[in-house]
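Dear colleague,

I am handing over a structure that will be new to you, and below it you will find notes on what turned up when I went through it. Please read them with the structure open beside you.

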Amino acid sequence: MSNSDRVRVRGVTIHRPIIYGNTAEVIPLEERQSSSNTAHTHRWTVAVRSAVSAPDSDIVGGADDISYFIKRVSFKLHDTYPNPNRNIDKPPYEVTETGWGEFEIQIRIVFISDCGEKPITFYHHLKLHPWTVDGSGEAENPPPEVALKAGPVHSWQYDEIVFNDPFQSFLNLLTAHPPTPLPKAKRRPVPFHTANPASFADTKAGIPEFSQVMIQEEAERLENARKQVIAEQEKWRTVLIEKENELARLKKEMAEA
Amino acid sequence: MAGGASAADVRSILALPSPSTPGPSQPKPTAPKTARKPEGISRELYSLIGPSAPSLTAQLAKPRLKQKPNLGRGNKVAKWRVLAFVWRVYVLKEEWQEFSNPGRADSLKLCHWVKATTDPTAEYQFAKYNVPSTVYTYSQDEYNRLLEDKDWTKEETDYLFNVVREYDLRFYVVADRYDYPGGQPRTIEDLKDRYYSVCRRLIRNRPWAGDESSKVQLVASFFYDKDREVTRKKYIASLENRTPDQIAEEEALYVEVKRLEQNERRFAKERDELLKTIAGVDSGLPGVAADDEVQIALFGDPKKKKKGGNGMDIDSPISGPSGIISLGPSTPTRRVQSAKSVAYDALHCILRSDVMPTNVPPTKAAHQPVYLRSSRLPMPKASMAPKINQALAELDVSHTRLVMPTRENCSQLEGLFDAAAALVDTKKVVDKVDQEIRVLKARLAGRASVGARSEGADADSKNQGEQAEDGERDAEGEAEGEATEKADRAVSVAASVRSYSRKRSKRSASVSSVDTSTTSATRASRKRQRN
């Protein structure tokens with residue numbers, strides 16, 4: 001590698017959209033009985049993928065190969081699993097397991113050595129049971145037969161890996177692999193997210209997909225909230241000014257009395 | 001003669017062909033009358049129309065007849081009116097209707113001609129043009145934080161805003177009526193400057209519902225440069241005050257300058273040519289400024305000066321377009337990116353920012369490591385976080401997670417936090433003022449009741465005494481009521497946020513479960529009551 005490549009490009013911030021999360025489905029009873037571990041009710045897959053879904057694919061995201069900047073993804077499962085640290089060095093970065101309970105999975109992304117960045121670590125709550133309207137999941141879980149019919153449960157979080165002042169070589173590498181832009185229109189259901197309870201209706205509609213509509217929709221949601229807050233504040237300001245006038249009047253009265 | 005003329009007029013008004021003369025030409029007798037240029041029509045227009053368009057000139061001349069009810073023509077005026085009436089009722093199918101103008105504050109009833117088919121209860125169609133100007137108001141807190149000015153007291157500023165509101169931003173009237181007791185004399189520029197600067201500061205510092213550019217635009221519309229205005233007016237005044245001699249001299253000087261300049265240029269040219277023919281070199285001497293623009297910029301175009309002197313833009317609230325442009329969102333330092341590079345950056349998810357050139361060599365420690373966007377979500381100020389989070393929860397907005405944590409959405413969230421913080425702040429102040437009011441009321445009531453007991457008889461003070469006793473009971477009740485109301489609030493908060501427009505007789509609760517100081521405040525005032 002030439003020396004000029006090891007120069008950081010100042011003032012450049014470049015990000016790559018990813019998603020992480022899991023899908024889970026109920027294991028049919030007959031299969032469960034034949035397996036070694038009868039207590040495991042669900043089969044789940046936890047994964048880190050590119051945000052865009054490939055057309056006609058039956059998984060969420062993963063259209064782009066993200067191995068050009070990722071060296072390894074480690075999933076740290078619950079301690080009760082045999083060798084809970086699963087290191088995945090090649091795409092697809094995912095772990096498929098069976099189990100009966102939800103827990104926090106620690107995900108650690110190690111970048112290629114050329115980029116000179118430290119690994120990042122974050123958590124994902126493994127979601128096995130269907131979403132409920134309030135998104136808490138605290139409600140009673142449906143019996144396995146119902147859950148089986150309802151289809152797989154999806155829990156995905158969109159995020160962006162942000163690189164600041166990347167090395168020239170790394171920047172070249174990244175720009176050589178532009179991510180496929182998110183689809184402009186909504187083609188498939190919206191992935192459910194607790195921050196957007198309105199998307200609950202889509203949870204039963206099949207394999208979700210991330211799209212730009214979701215970004216705009218969220219921007220609008222925040223914008224509306226802000227407008228409401230500001231309208232509220234205007235109202236309170238009027239109240240305040242009225243009250244201040246009253247106070248001034250009272251003070252005058254006090255002085256006169 | 002008159003009868004014949006009016007018959008022809010009727011025909012022309014009703015657009016009927018004249019029986020005797022098929023053309024539009026006017027019968028002879030009226031010719032001398034129409035040949036005179038009627039008022040309210042410019043000479044140029046009149047010469048275009050000519051005397052051969054009787055109906056038009058007759059109509060244009062009509063207001064003049066009305067304005068000068070001449071006894072000799074009275075008969076004719078009456079006939080015109082009758083005709084107009086007949087025309088309206090039978091041809092245009094119009095009616096003389098009374099209407100109320102919602103744009104008026106008084107309930108003055110006026111009448112107008114409208115199509116008979118118009119609904120008499122329909123809103124007056126021109127009412128919408130009565131646009132009330134919004135005059136900003138500010139709280140004491142805002143005044144303390146933003147609007148302090150050594151030349152102005154809060155009272156005088158309040159007075160100014162009241163006068164401005166009363167006279168609907170008509171600053172000449174405002175300046176004329178402005179009479180603040182005990183204040184120093186203010187010119188119209190002083191008033192405008194204070195008013196616009198207050199508005200600007202309020203807009204800049206209040207949370208803004210729209211996007212940034214609309215805010216910049218609004219701030220720019222309140223731009224006012226007092227010094228510039230004063231200079232401008234002085235300049236106009238001096239321009240207008242020139243004597244004819246001075247004007248003549250100035251023109252003469254200008255012509256002289258022009259002539260000298262031309263001579264010089266010619267001389268330079270000749271010298272250059274001469275040098276070229278002799279030595280074949282350029283003179284190398286700096287040529288006289290070859291462009292007139294420089295001269296015009298220096299001396300000013302006398303023609304333009306004259307135009308400016310007409311006082312056409314004396315009253316412009318904004319002192320010139322240049323001011324707006326310079327305040328615009330485009331900053332010259334910003335690198336202009338081509339559309340192509342923008343598309344490239346969008347494709348590769350690149351964000352470029354201007355780097356401050358530093359002497360310090362970049363160190364490893366200074367480097368901001370890679371991160372997940374969601375891990376850098378904006379956070380509300382720690383001191384207000386619980387209240388802000390609560391307020392946002394009522395709006396169904398998660399303050400910890402975003403569905404799509406893109407850069408834009410993160411900054412949206414930040415804007416929301418700012419707005420919420422401002423709201424929480426305002427409420428705090430409201431609570432404080434509320435408490436002060438309560439304390440003052442209690443003290444007033446207490447004083448009045450003492451007065452009532454000692455003096456006894458006076459009806460007025462007796463009345464006050466009753467109020468005071470009520471006040472004591474009220475204060476107790478209020479404190480308890482407050483507690484129950486609070487419980488109410490917690491439940492109804494979310495609902496009232498969604499329909500904040502709904503009028504509530506009590507203090508609208510909405511996000512007010514946020515406030516906590518009220519309870520302690522009432523408790524305090526209750527204690528004082530007991531003492």
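In which strand of chain A is the place of Lys71(A)? Before the answer, please keep in mind that this is a predicted model. Lys71(A) belongs to strand β3 of chain A, which covers residues 70-76, and with a relative accessibility of 43% this lysine counts as partly exposed. If neighbours within four places in sequence are left aside, Lys71(A) is in contact with Ile88(A), Asp89(A), Val110(A), Phe111(A) and Ile112(A). Pro91(A) lies 20 residues from Lys71(A) along the chain, and the C-alpha atoms of these two residues are separated by 9.5 Å.

Turning to chain B as a whole, you will find 20 helices and four strands there. Chain B has 531 residues, of which 30% count as buried, and among its contacts with a separation of 6 or more, 59% are between residues 24 or more positions apart.

One helix pair in chain B can be described in some detail. Helix α7 (residues 154-166) of chain B packs against helix α9 (residues 188-205) of chain B at an angle of about 95°, and the two axes are 11 Å apart. Because angles from 65 to 115 degrees count as roughly perpendicular, that is the description that applies to α7(B) and α9(B). On the side of α7(B) the contact is made by Thr157(B), Leu160(B), Phe161(B) and Val164(B), while α9(B) contributes Leu191(B), Arg194(B), Tyr195(B) and Val198(B). Sorted by class, these residues are six nonpolar, one polar and one charged.

The aromatic residues deserve a paragraph of their own. Over all chains, the structure holds 25 aromatic pairs. In one of them, the ring centres of Tyr20(A) and Phe122(A) are 4.5 Å apart and the ring planes stand at 45°, so the pair is tilted. This pair links distant parts of the chain, since Tyr20(A) is in strand β1 (residues 12-26) of chain A and Phe122(A) is in strand β7 (residues 120-125) of chain A, 102 residues apart. Tyr20(A) and Phe122(A) are both buried.

A further tilted pair is formed by Trp96(B) and Trp113(B), whose ring centres are 5.5 Å apart and whose planes are at 55°. Trp96(B) lies in strand β1 (residues 94-100) of chain B and Trp113(B) in strand β2 (residues 109-115) of chain B, so that the pair ties together parts 17 residues apart in sequence. Trp96(B) is exposed, at a relative accessible area of 52%, whereas Trp113(B), at 24%, is partly exposed.

Ring pairs also link a cluster in chain B, made up of Tyr136(B), Tyr138(B), Tyr143(B), Phe161(B), Phe171(B), Tyr195(B), Tyr196(B), Phe222(B) and Tyr224(B). Tyr143(B) has the charged end of Lys154(B) sitting over its ring, 5.9 Å from the ring centre. In chain A, the charged end of Lys127(A) sits over the ring of Trp131(A), 4.8 Å from its centre.

Finally, is Glu142(B) buried or exposed? This residue, found in helix α6 (residues 140-147) of chain B, has a relative accessible area of 6% and is therefore buried. Not counting residues up to four places away in sequence, Glu142(B) touches Thr137(B), Leu147(B), Leu202(B) and Arg206(B), as well as Arg237(A).

Terms used:
Residues are numbered from 1 along each chain as its sequence is written. Chains are lettered from A and ligands numbered from 1 in the order in which they are written. This is a predicted model: local features need pLDDT of at least 70, side-chain atom pairs count only at pLDDT 80 or more; totals for chains, interfaces and linings use all residues. Side-chain values use heavy atoms; hydrogens and water are left out. Axes are lines fitted to C-alpha atoms, for helices over the stretch in contact, and angles run from 0 to 180 degrees between N-to-C directions. Helices (H or I, at least four residues) and strands (E, at least two) are DSSP runs, numbered from the N terminus. Angles under 35 degrees count as roughly parallel, over 145 as roughly antiparallel, 65 to 115 as roughly perpendicular and the rest as oblique. Contact means heavy atoms within 4.5 Å. Ala, Val, Leu, Ile, Met, Phe, Trp, Tyr, Cys and Pro count as nonpolar, Asp, Glu, Lys and Arg as charged, and the others, Gly among them, as polar. Rings of Phe, Tyr and Trp (its six-membered ring) pair if their centres lie within 6.5 Å; planes under 30 degrees apart count as stacked, over 60 as edge-to-face and the rest as tilted. Buried means under 20% relative accessible area, exposed over 50%, partly exposed in between (1.4 Å probe, protein chains only). A charge sits over a ring if NZ of Lys or CZ of Arg is within 6 Å of the ring centre and within 35 degrees of the ring normal.
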